[in-house]
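Hi everyone, thanks for coming. I'd like to walk you through a structure today, so please have a look at it on the screen.

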Amino acid sequence: MFRSSSGAFSRALKQASGRSQGVAEQQVLPSAAVTTQASQAKGSDAAAATTAQQQQQSGRRSWKKPALIGLGAAAATAGITSLAIAEEEADHGLHAPEFPWSHSGFFSAYDHASIRRGHQVYSQVCAACHSVEQIHYRNLVGVAYTEEEVKEMAAETEVTDGPNEEGEQFERPGRLSDPLPRPYPNEEAARYANGGAYPPDLSLITKARHNGQNYVFSLLTGYREPPAGVTVREGLYYNPYFPGGAIAMPKMLADGGTEYDDEEIPATESQQAKDISTFLAWAAEPEHDERKLSGVKWLFILSLVWATAIYYKRWKWSPIKSRRIIVDAVN
Ligand code: HEC
């Protein structure tokens, strides 16, 4: 099941990368495109003028001139519109395509095996730079791991606690109530280690970015060589999905980059990207499954209430609707 869904993902990914390449080329040549469009427009106007002159000389009224001007204007408008789209995409980043998430259906829950693998991607790859402040170890219990597994995982970390009876801070093994460890003590340290860029907290990232999980997936798998004519400053990496196209995060995912505890699932780049996106979607919206389930319950109960209301209304109204009033005006 996971394999087939990852197949759909890689297909979608291929389409997406094809598209981004096209747009990237458009971005490189905006001014060249304008000149050609403009000169085409000018050219057709000039042609129109010549035809008109010839026709006026022969004494006929011309319908061709307005038609040609119209065509020229249409071509110029099309040029300007595609230029505007290219510029928009350069400023705001390429728009990520819609991916077939197994949880996006009306009645579908998260794929919890994918959340589990996503947590493994997070802790083996992303946790080196990004925190997920809102997630505590206990949140993983019953979602991605059993209580024993999470306790064991938490106990492997060292947490500073205190003060003890001597007034000192001390180290102790982590507990279920602790948050997942943060890679840096504060923003300054994080910026210092990342060449001035701040790796944002990922707990709510799928809510904090337009097109959330599709964006995260596309961003992680969207690294490529900059197209000809585009130079990216040292320390930045070309990624068409990131607004501006140059991101301070290097490409982090590669085939086999994560060791999944489920050995059945090959840790390809797109599989890891899908799993971490699902994990981050869960982190931002942990109530998702419960919300959908309670929606189904509410719809079921409301439909019963609705049916009862209709039945009751018809029952109450039946004597009124079926009575007959006879007016005997003579006697
Ligand atoms: C080597 C450190 C490092 C690692 C490891 C890392 N990132 Fe980043 N990440 C960064 C930095 C730095 C930025 C800020 C980029 C910028 O502002 O140009 C960032 C930004 C991001 C953003 C926000 C982009 C935006 O729109 O602002 C997301 C999402 C993200 N990373 C996800 C991940 C995921 C998922 C992983 C794990 C697969 C990961 N990162 C691993 C350093 C890292």
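**Around the ligand**

Let's start with the ligand, which has 21 residues around it, and the closest are Cys126, Cys129, Pro199, Ala248 and Met249. Before we go further, please keep in mind that this is a predicted model.

What kinds of residues make up that shell? By class, 18 are nonpolar, 2 are polar and 1 is charged. And which element gives the largest share of the shell around the ligand? That would be helix α9, residues 212-221, with 3 residues.

Asn211 sits in the loop between α8, which covers 205-208, and α9. Its phi is near 65 degrees, a positive value in a residue that is not glycine.

Now over to another loop. Pro163 lies between β1, residues 158-161, and β2, residues 170-173. The peptide bond leading from Gly162 into Pro163 is cis, and its omega is near -5 degrees.

Finally, let's zoom out to the whole protein chain. You can count 11 helices and 4 strands in it. Of the chain's 331 residues, 23% are buried. As for contacts between residues at least 6 apart in sequence, 67% of them join residues at least 24 apart.

That's my tour, and I'm happy to go back to any part of it.

How values were computed: Residues numbered from 1 in each chain as written. Predicted model: local features only at pLDDT ≥ 70, side-chain atom pairs only at ≥ 80, totals over all residues. Helix = DSSP H or I, 4+ residues; strand = E, 2+ residues; numbered from the N terminus. Buried ≥ 20, exposed ≤ 12 C-beta atoms within 10 Å, placed from the backbone. Contact = placed C-beta atoms within 7 Å. Near = placed C-beta within 6 Å. Nonpolar A, V, L, I, M, F, W, Y, C, P; charged D, E, K, R; others polar.
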